[in-house]
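Subject: Structure handover and notes

Hello,

Please find the structure below. My notes on it follow, grouped by topic.

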Amino acid sequence: MPNLYLPGASILLSLFLVILFFSRKRQKNKDTKIFQFMIVIQLLESIVETIIYYIAYTSNNMFFIIFLNNFVCSFYVLWVWLFYRYLFYIAYENKHKYKFKKLEKFEFVLNTIAIVIIFLSPINIMNENGVMYSYGMKPNVTYIICAIWFLCSIIVTLTNIKNLNNKKYIPLWTLLSLAGIIFAIRTIDPSIIIIPFALTFINLVMYFTIENPDVKMINELELAKNMAEKANRAKSDFLSSMSHEIRTPLNAIVGLSECIKNSDDIEEIHEDANDVVMASNNLLEIVNGILDISKIEADKMEIIESNYNPIEVFKELTTITETRIGEKEIDLRCNFAEDLPNTLYGDKGKLKQIITNMLSNAVKYTEKGHIDFNVNCINEKDKCKLQIIISDTGKGIKPEQMDKIFNKFERAEEDKNSTIEGTGLGLAITKSLVEMMGGKILVHSTYGQGSKFTVFLEQKYSKVEEKAKVVKDEKISYSDKKVLIVDDNKLNIKVASKVLSEFEFNIDSADSGFSAIEKIENNEHYDIIFMDIMMPKLSGVETLKKLKEIDNFNTPIVALTADAMEGKSTKYIEVGFNDYLSKPINKQELKRVLNKCLNGNIEIEEESTPKEDPHIHRVIPITDEDIEMLNKKLTEDLARVKKQEKKDN
């Protein structure tokens, strides 16, 4: 029975595929589920069809042949339908999942009806000279149903024509190719039983085109390993960078503090103390940079808008930059547009931070020459489009490093700039803030000649004139007030006591929440309490809740904490604190808190506020047309300035 060689080979190959597939771990996704049914159905089809031909060649028992033909026809229908389902799934993998399930159920019902019709339909079997073929309603229904699903497969494939290069479509192209080969072979020699083997071969091709479970798991493990190694390297680089940057100001603070301790020269002590303050501010700037990046990545950074005078802001930043330049041979040249409005409405703090970072960067990487600080604007009905340009004659940036300068913890030519302080966070923060405010930042640089950073921002135009801020220098005395400082760290208590002593408070302290509660229960009276948050055993929040439970207790409690993330002030006020102060204590903020809690005044300074909610964040992005207009106007303004300089000379 030589004609049974191919069906027998089909059984062996199908069995091999079934064992191979089910013996390995695999991904439980839709295509593998479909494939597992296809290989099982094809194994059963190969076995049943081989049995049919064996019976036909040996006993020619027509009852069994007709009965088993029902299963063969049903297997063909199910296999072609599953093949269509497979193509449908890869075409619409994650789209319309709900409709996908409903359609699948409908198709299953249709197939069930078709199989019932197949079982009930008549069939005629012809077996002559070793060639067996069938005709009648049963095979006709089978051919029609299979043709419908095959046509659906073609349609689904063509609707997703953009992804025809997907390797998962290889089985379809294989099937189309084999259809022609099968037709040719059956025409030449009808006794060759090739269809079961052809379908098994399609399954074999599919096995190597679906997501290989082993390879996918290995790739996922490799990806996870690479990500873990990258994260570990980033952590090591970060710790190394932070160790250097934090130790530098700490070294100055510790060393100069020892000098102050051992010195009797008042002038020298004052000089060293000023250096300690400067080093402390540098350290605080590093910590704030890390916090800013954390806030940005945690999506906790907020845009808080208010009225401000842009000219005052730019002049203030000029003064600060001149101080930072110090003894360097750098000329700071400023040019602010004459038509800058007196009052703008936006986030002044973040605007200052953006410009400060760019100016600081220019000072760091410029040894001599000049730094240009130019501001241009276009005023429209309700908005002012700012163009801020910081250019320098510094080291410049190599073209291959341009893409890295806005990355966290990365600095251009870090090996050559190891003597320059910085964490590599400034420009990363700047870019994030600019984009958060709806603006754009551009950089142009020529290595060895200098760099130019351009920021485009849009601020609202305010017709309300900002009132001049009243700075009161007179000494504020609270000699009739008693304050309680609650902190588990004695050094923190000492620092807070020193700061508060300037206001002539009667100061008391407690080193735990329990001690503070005990003092209140012993009828100690305080006008205000400063409460640390992170205390062992009983936190500041828990202490607050217990104090609120004491009868007739109404002393204002201020959260005094190093937890300085943006949004924390709102959180602590919501849980019951009267106000919030971050460590280290800012004296202006302290004055505001004291004025609010002890005098009942919310503001120290007179400042006009717009009718709009100052916490509403409405950003209108800068467009390319805006950039083009600003560049044109800046060119005109610079030409006018140069013309005026020539006249003056």
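Is Lys385 buried or exposed? Lys385 is buried, because its relative accessible area is 5%; buried means under 20% relative accessible area, exposed over 50%, and partly exposed in between, with a 1.4 Å probe and protein chains only.

Before the rest, two remarks on how to read this. The model is predicted, so local features need pLDDT of at least 70 and side-chain atom pairs count only at pLDDT 80 or more, while totals for chains, interfaces and linings use all residues. Residues are numbered from 1 along each chain as its sequence is written, and side-chain values use heavy atoms, with hydrogens and water left out.

Salt bridges

A salt bridge here is a side-chain nitrogen of Lys or Arg within 4 Å of a carboxyl oxygen of Asp or Glu. The search of the whole structure finds 17 of them. In general, side chains of opposite charge can pair when their charged atoms come close.

Lys385 has Glu380 as a salt-bridge partner, with 3.3 Å between the closest N and O atoms. Glu380 is partly exposed, at a relative accessible area of 31%.

Glu435 and Lys431 form another salt bridge, at 2.6 Å from N to O. Both lie in helix H12 (residues 426-436), 4 residues apart, or about one turn of the helix. Helices (H or I, at least four residues) and strands (E, at least two) are DSSP runs, numbered from the N terminus. An α-helix has 3.6 residues a turn, so residues three or four places apart point the same way. Glu435 is partly exposed, with a relative accessible area of 46%, and Lys431 is also partly exposed, at 28%.

The salt bridge between Lys519 and Asp508 has its closest N and O atoms 3.3 Å apart. This pair links distant parts of the chain, with Lys519 in helix H14 (residues 513-521) and Asp508 in strand S11 (residues 506-510), 11 residues apart. Lys519 counts as partly exposed at 21% relative accessibility, whereas Asp508 counts as buried at 18%. Elsewhere, salt bridges that share partners join Asp579, Glu589, Arg592 and Lys596 into one network.

Aromatic rings

Rings of Phe, Tyr and Trp (its six-membered ring) pair if their centres lie within 6.5 Å; planes under 30 degrees apart count as stacked, over 60 as edge-to-face and the rest as tilted. The structure holds 18 aromatic pairs.

One of these is the edge-to-face pair of Phe314 and Phe373, at 6.0 Å centre to centre and 85° between the planes. Phe314 is in helix H10 (residues 310-325) and Phe373 in strand S6 (residues 368-379), so the pair links distant parts of the chain, 59 residues apart. Both Phe314 and Phe373 are buried.

Tyr478 and Phe505 are stacked, because their ring centres are 5.1 Å apart and their planes are at 10°. Tyr478 sits in the loop between strand S9 (450-461) and strand S10 (482-486), and Phe505 in the loop between helix H13 (490-501) and S11, so the pair ties together parts that are 27 residues apart in sequence. Tyr478 is buried at a relative accessible area of 6%, and Phe505 is buried at 9%.

Phe63, Phe64, Phe67, Phe71 and Phe119 form one aromatic cluster.

Strand S13 (residues 557-561) is mostly covered, with 5 of its 5 residues buried. In a regular strand the side chains alternate between the two faces of the sheet. Both faces of S13 are covered: Ile557, Ala559 and Thr561 are buried on one side, and Val558 and Leu560 on the other.

Two strands pair if DSSP finds at least two bridges between them. Strand S12 (residues 528-531) runs parallel to S13 and is joined to S13 by 3 bridges, with Ile529 opposite Ile557. S13 also pairs with strand S14 (residues 579-582) in the parallel sense, over 4 bridges, and there Ala559 stands opposite Tyr580.

Helix H5

Helix H5 (residues 137-159) has 23 residues and reaches 33 Å from its first C-alpha to its last. That is close to the expected 33 Å, where the expected span is 1.5 Å times one less than the number of residues. Its buried residues include Trp149, Cys146 and Ile145.

Regards
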